[in-house]
Amino acid sequence: MAGIPIPFSTPPWLQGLPSPYHTESHRKWQKACQEFMLEHLHAHALEWENDGDVPQHVFRTFSAHNMLIPALPAPLPIELLKSQGIHDFLGVVSVEDFDYTHFSIYISELRASGLPGPSSALMSGVAYAVPPLIKYGNKTLQDKFVPKFLKGEIRACIGITEPGAGSDVANISTSAVKSSDGAHYIVNGAKKWITNGIWADYCTMAVRTGGSGPSGLSLLLVPLKNNPGVNVRRIKVGGGTTGGTSYIDLDDVKVPAENLIGKEGQGMKMIMTNFNHERLLISIGVTRSARVALSSAFSYVMKREAFNKPLMDQPVVRYRLAKCGAELESLSAWVDQLVYQMGHLEKTVSDIELGGLTAMAKARAGIVFEKCARCAVLLLGGNGFTRTGQGELVEKLSREVPGARIPGGSEDVLLDLSVRQLLKNYKAKVRALESPKI
C-alpha cells in the first residue's frame with residue numbers, strides 16, 4: 001500500500017520505531033535528502049547506469065546545492081566552509097551540527113536506488129581524495145585547492161591501487177623523485193581501478209618517495225588533465241559502470257614540489273587514517289543496496305503466483321527472506337552503532353579502536369549484500385536473470401556484489417586485518433595494565 005514501506009526496505013527508525021541514535025535533526029535531514037536525491041538522482045539512476053554515464057549537469061546541480069560536501073568525514077571543517085559562505089545544507093542542518101549520523105543518512109539516501117555507480121560518480125572525489133588535503137595539507141595547498149574541490153569547480157580522485165598492488169598498500173611502486181632543482185617531483189608508474197579518474201583534474205596519489213615498505217610512501221596531489229605524461233583511460237567493469245573506473249599511466253609526469261601533502265614518508269599513516277572513513281562509507285552504502293535487493297524480492301513474491309497461490313505463501317520463500325532479513329537487520333544495527341561511535345570518539349582514538357571493526361563491518365556488508373542479492377535473484381526466478389523488465393534492477397544488483405566485496409580492501413584481507421588489529425589493541429591494553437605505576 002502506498003506510504004507503507006515494504007519490509008526490509010528501510011531501517012526501523014524510519015518506520016516509526018524508537019532509536020537511541022537518531023534525533024529530530026536527523027529525521028528532518030533524512031526527509032530533505034530523500035526528496036533532493038529522488039528529484040536529482042534516483043529518478044534517472046537506472047537509465048544512467050544503463051547508458052554508462054551520469055550527465056555532467058547532475059554533478060553541477062549537486063555542487064550548486066553544496067550536496068557533495070556531506071561526503072566529508074564529520075565534524076566538518078567549519079571555518080573553511082563558512083569562509084566560502086557555506087553555513088548549512090538544504091536549509092535543514094547547519095555545518096556546526098552536522099555529525100556522523102547526518103553523514104550516514106546522506107550516504108544511505110545517495111544509495112537509495114541500490115546502484116553504487118551514480119553516487120560514486122558524484123561524491124567519490126570529495127569523500128576520499130579531499131579529506132587528506134584538509135587534514136594534512138599545509139595552508140597554502142588547502143587555500144589553493146580545497147574550496148575549488150568543495151564547490152565542484154575542479155574534480156578529484158584518490159589513487160592508491162596499482163596493477164600489482166591493491167590491498168597490499170605498503171608495496172605500491174609508483175615513484176616520485178625530486179628533480180635536480182628540487183622544484184618538482186617526477187612521477188612514474190600506473191594506477192588502476194581509480195574511481196572518477198576520467199573526470200578528475202587532480203589525483204590524491206600514493207607515491208614512493210623513499211625506500212621499500214610503508215615508510216617510503218608519501219601523498220602527492222598530481223595534476224591529471226592536460227598534464228604531459230598522463231594518460232587516463234576508462235576500464236569496463238562488471239558493475240558500477242557510471243563510476244568512471246580508470247587506468248592512469250604516468251610517464252615522467254612533473255608535479256610541483258609544493259603539491260606534497262604532509263611530509264615525505266607519512267603517506268601510509270594518512271592512507272590508513274582515510275580508510276576508516278572510506279570503509280564505513282562503503283558499509284553504509286552496501287547495507288542500503290542490500291535493503292533494495294531484499295525488499296524488491298519481498299515485493300515480488302507478494303504478487304507473483306505459482307501453484308495457484310502467491311509465492312509468499314510458500315514456507316521455503318518465507319524462510320529465505322527471514323534468513324537474509326535477520327542478517328541484514330543485524331548488519332544495519334551494527335553499522336548504526338559504529339557510526340555513533342565514530343562520531344563520539346576523538347579521531348586519534350577512533351582510528352585505533354574502530355579500525356579493525358570498520359574493516360570487519362565493510363567485509364561483512366559485502367557478504368550480507370551477496371546473500372540478499374542472490375536471494376532476490378532466486379525468488380524472482382527467470383525475471384531475476386533478465387536484464388530488462390521487472391527483474392532488471394535485481395539482476396543488475398547481483399552484478400554489483402564484487403564491487404562491494406573488493407574495493408576499499410578486499411574481503412579476505414580485511415577480515416584478517418580486523419582480527420590482527422583487535423589482537424594488537426588487546427595486547428597494548430594488557431601491557432599498559434601490567435606496567436608498573438610510578
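User: What covers the buried residues of helix 7?

Analyst: Helices (H or I, at least four residues) and strands (E, at least two) are DSSP runs, numbered from the N terminus. Contact means heavy atoms within 4.5 Å. The cover of helix 7's buried residues includes helix 4 (78–83), helix 6 (116–136), strand 3 (156–159), strand 6 (202–208), strand 7 (217–223) and strand 10 (260–261). This is a predicted model: local features need pLDDT of at least 70, side-chain atom pairs count only at pLDDT 80 or more, and totals for chains, interfaces and linings use all residues. Residues are numbered from 1 along each chain as its sequence is written, and side-chain values use heavy atoms, with hydrogens and water left out.

User: Which residues of helix 7 are buried?

Analyst: Buried means under 20% relative accessible area, exposed over 50%, partly exposed in between (1.4 Å probe, protein chains only). In helix 7 the buried residues are Leu 141, Phe 145, Val 146, Pro 147, Phe 149 and Leu 150.

User: Where does Asp 251 lie, and is Asp 251 buried or exposed?

Analyst: Asp 251 belongs to strand 9 (residues 246–256). Its relative accessibility is 52%, so Asp 251 counts as exposed. Beyond neighbours within four places in sequence, Asp 251 is in contact with Val 187, Asn 188 and Gly 229.

User: How many helices and strands does the protein have?

Analyst: There are 14 helices and 12 strands. Of the 438 residues in the protein, 52% are buried. Among contacts with a separation of 6 or more, 74% join residues 24 or more positions apart.
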